[in-house]
Amino acid sequence: MKIKSIIAALAVCSASFAFAADLPNVKILATGGTIAGTAASATQVTGYKAGDLAIQTLIDAVPAVKDIANVTGEQIVKISSNNMNTPTLLKLAKRVNELLKDPSVSGIVITHGTDTLEETAYFLNLLTKSDKPVVLVGAMRPATAISADGPMNLLNAVKVATSPEAKGKGVMIVMNDVINGARDVTKTNTTNVATFKSPELGALGYIGAGKVRFYKQSTKRHTTNSEFDVSNLETLPRVDIIYSHVDADRVMADAAVKAGAKGIIHAGTGNGSIADPTEAGLKDAVKNGVIVVRSARVPNGPTTVSLAKWKDAGFLESDTLNPQKARLLLQLALTKTSDPKEIQRMFDEY
């Protein structure tokens, strides 16, 4: 009986190993955030400690993921994403490209805080040198909360990362059963689990009844079609954002130039409008070799060519990119050129 039991056990193990060998391999890179957050009680959903849990703890909390893929975790950093910075972004981009060169890796999932999730996603969208899926995922409730959204979000992210349809779609954010493209998605609510949306241009797809469903894709350049490369860079040019408001003056523009900014994104009112005092400061910035891009604080619509005097001053336009994403594109553009015409081309294409 003992021998029969051993043979039976070996058969089960062999079947399990065979099944595991047939599953795709997904690497999960962890950066911290609410999805790895802990609080003193199950009802506490603000004021928690972000990034407290290690990646293996998150993986172990979702045993169903083992039926979808062979997942392994790697901790990049353990931070709240309001503290995301350029060195970490560069480290993440380089690691993603390094992993995706491995033929055995089918896709990557990145756990991340929601505060700057859209920025990291768009940054990677411009730098990933593979058409394999790269999916960012977060949570709006800490792991210790009642109805924590992290486990289901993580499961769905792995599903998308292993979906053949996800190939070539660019970097994505998967949360609350919705698949959004990195370029157009933004955080729209401070606390609601349905915070990530793509205003006007819409989501790429959904996870419905456990199935990944795509309906559209971006026409803008990304990933394998991108000209940007940071593999040999340790830093990026300084680019500041100036937010327009009533009584806006030139103080922030002058401060940015003094701080050594190579570029300025102006988050203007309406269609990227600029107050006269700020305009004077930005014109002087251009004369000092600073690239100025007009964006808008308005959540929907493109920032287009407007008043002739702004075009004559050398100000560029961000199209539909919000200020925080326009900043990232300008940083990368400045690693290649300081020619305003070339940089405007990049904003038109990306």
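A residue is called buried when its relative accessible area is under 20%, exposed when that area is over 50%, and partly exposed in between (1.4 Å probe, protein chains only).

Before going on, a word about the model. This is a predicted model, in which local features need pLDDT of at least 70 and side-chain atom pairs count only at pLDDT 80 or more, while totals for chains, interfaces and linings use all residues. Residues are numbered from 1 along each chain as its sequence is written, and side-chain values use heavy atoms, with hydrogens and water left out.

What does α4 pack against? One partner is a sheet: α4 touches β3, β4 and β5 (172–175), and its direction makes about 170° with that of β4. Here contact means heavy atoms within 4.5 Å, while axes are lines fitted to C-alpha atoms, for helices over the stretch in contact, and angles run from 0 to 180 degrees between N-to-C directions.

That sheet is an open one of 8 strands, in the order β2-β1-β3-β4-β5-β6-β9-β10, with mixed pairing. Two strands pair if DSSP finds at least two bridges between them. At the edges stand β2 and β10 (211–214), each with a single partner strand, so one side of each has no neighbour in the sheet. From one strand to the next, the twist averages 25°.

Strand β1 (residues 25–32) holds L29, which is buried with a relative accessible area of 0%. The C-alpha atoms of L29 and I76 are separated by 6.4 Å, although these residues are 47 apart along the chain. Leaving out residues up to four places away in sequence, L29 touches several others, including E74, L92, V96, V109 and T111.

Strand β3 (residues 105–111) runs parallel to β4, and 4 bridges join them; V109 stands opposite V135 in β4. In strand β4 (residues 134–137), V134 and L136 point one way and V135 and V137 the other, and all are buried. Towards the other end of the strand order, strand β9 (residues 205–208) and β10 pair in the antiparallel sense over 4 bridges, with V212 as the bridge partner of I207. Helix α5 (residues 150–161) lies across β1, β2, β3, β4, β5, β6 (178–181), β9 and β10, and runs at about 150° to β3.

Now return to α4 (residues 117–127), whose axis comes within 9 Å of that of helix α9 (residues 323–334), the two crossing at roughly 35°. The contact is made by E118, E119, Y122, F123, L126 and L127 of α4 and by Q324, K325, L328, L329 and L332 of α9. These residues divide into 7 nonpolar, 1 polar and 3 charged, where Ala, Val, Leu, Ile, Met, Phe, Trp, Tyr, Cys and Pro count as nonpolar, Asp, Glu, Lys and Arg as charged, and the others, Gly among them, as polar.

Strand β13 (residues 291–296) pairs with β14 in the parallel sense over 2 bridges, and the bridge partner of V293 is L316.

Also in β14 is E317, buried at a relative accessible area of 7%. A polar contact of 3.4 Å joins the side chains of E317 and K311; such a contact is a pair of N or O atoms within 3.5 Å, where within protein one must be able to donate a hydrogen and the other to accept it, and residues adjacent in sequence count only if both atoms are side-chain atoms. E317 is also in contact with T303, a residue in the loop between β13 and α8 (308–312). T303 counts as buried, at 3% relative accessibility.
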